[in-house]
Amino acid sequence: MAINLQKGQKIDLRKESGESLVNFCMGVNWGAIETTKSGLFGFGTKKVVEDVDLDLSCIMLDATGNIVDWLYSPDYNAWLSKNNIPLGKLQSYDGALRHSGDDRQGDVGGDDGLDNEVITVDLSKVNSNVEKIYFFINIYLNQGQNFDFAQIPFAKIRMYEGTPSRVNSVFSNYDIVTDSNYRGKRAIILAKLYKKNGEWKFDAIGDATDDNMFVHTIDRISKDYK
């Protein structure tokens, strides 16, 4: 049975069988904003879909709190290059973490049961100097958009065994939209994986922030969450 996570909850990465959870996916699933408006001269109705672009990212820190690796969308690389910020990439240097790529819309017509952005994790391949892995999401607002997590019809986070296109067994999940702490917010520091006594543990952080872009969230984590 999947664990329904609460903000601040710490759990061991052990399945019901007693085996350690080593290979899994960290996925975020969300819906586009769909509204119904009156047609021309008030006759009939039409459905209007507003794309919702959430960005799932992660950074990896060593024992001293220095960032040694990262995953975030390469779609921002032109801007990142101009500002001398490390470019986005979809695979960690050690090959242990892989990002499925940027989804700029969200589900239309209801939840399709699959996550829109997924980071697959193989803890057996994580470089030995990595002590903490932080996961976070940010809302990217296109020109003219102005919304937060309260307007998104659904947004869920889960850890599961499987692939980005197939869910075999859900280990834990967390529902964002139903948490009032996320109203008015556009970024969430989701969770961290961390080593303790040589074993990987999981901490559901769930801190909402006002960060406008993932680089601001990275800076926040580096300063306040070491």
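In the predicted model, Q145 is in contact with E50, D51 and Y140, its neighbours within four places in sequence being left aside. Q145 is found in the loop between β10 and β11. With a relative accessible area of 14%, Q145 falls under the 20% limit and is therefore classed as buried. The side chain of Q145 also reaches back to the backbone nitrogen of N142, at 2.7 Å.

Two other loop residues present a contrasting picture. N84, in the loop between α1 and β8 (97–99), is exposed, with a relative accessible area of 73%. N197, in the loop between β13 and β14, is likewise exposed, its relative accessible area being 76%. Although N84 is not a glycine, its phi is positive, at about 55°. A positive phi of about 55° is also found for N197, again a residue that is not a glycine.

Strand β6 (53–61) was examined next. Of its 9 residues, 9 are buried, so β6 is largely enclosed by the rest of the structure. In a regular strand, side chains alternate between the two faces of the sheet. In β6, D53, D55, S57, I59 and L61 point one way, whereas L54, L56, C58 and M60 point the other way, and all are buried.

β6 is paired with both β10 and β7. The pairing with β10 is antiparallel and comprises 9 bridges; within it, L54 stands opposite I139 of β10. The pairing with β7 is also antiparallel and comprises 4 bridges. Here L61 has I67 of β7 as its bridge partner, and C58 stands opposite L71 of β7. β6 and β7 form a hairpin with 5 residues between them, and in the turn G65 has a positive phi of about 90°.

The largest nonpolar core of the model has 44 residues, and those with the most contacts inside it are L97, I133, F135, L193 and F202. Two or more residues are given to this core by each of β3 (23–30), β6, β9 (117–122), β10, β11 (155–163), β12 (166–175), β13 and β14 (199–209). Beyond its neighbours within four places in sequence, F135 is in contact with M26, S57, C58, L97, I119, V121, I188, I189, L190, A191 and L193. Another core, of 16 residues, lies apart from the largest one and includes L80, I205, F214 and V215.

F214 and V215 also belong to helix α2 (residues 214–224), in which they are buried together with T217, I218, I221 and S222. Viewed down the axis of α2, these buried residues fall within an arc of 160°, so they line one face of the helix. On the other side of α2, K223 and D224 are exposed. The buried residues of α2 pack against β6, β7 (67–71), α1 (77–82), β10 (132–140) and β13 (187–196).

Notes:
Residues numbered from 1 in each chain as written. Predicted model: local features only at pLDDT ≥ 70, side-chain atom pairs only at ≥ 80, totals over all residues. Heavy atoms only, no water. Buried < 20%, exposed > 50% of the residue type's maximum accessible area, 1.4 Å probe, protein only. Arc of directions from axis to C-beta. Contact = heavy atoms within 4.5 Å. Pairing = 2+ DSSP bridges. Core = buried A, V, L, I, M, F, W, Y, C linked by side-chain atoms within 4.5 Å. Polar contact = N/O pair within 3.5 Å; in protein donor to acceptor, adjacent residues only side chain to side chain.
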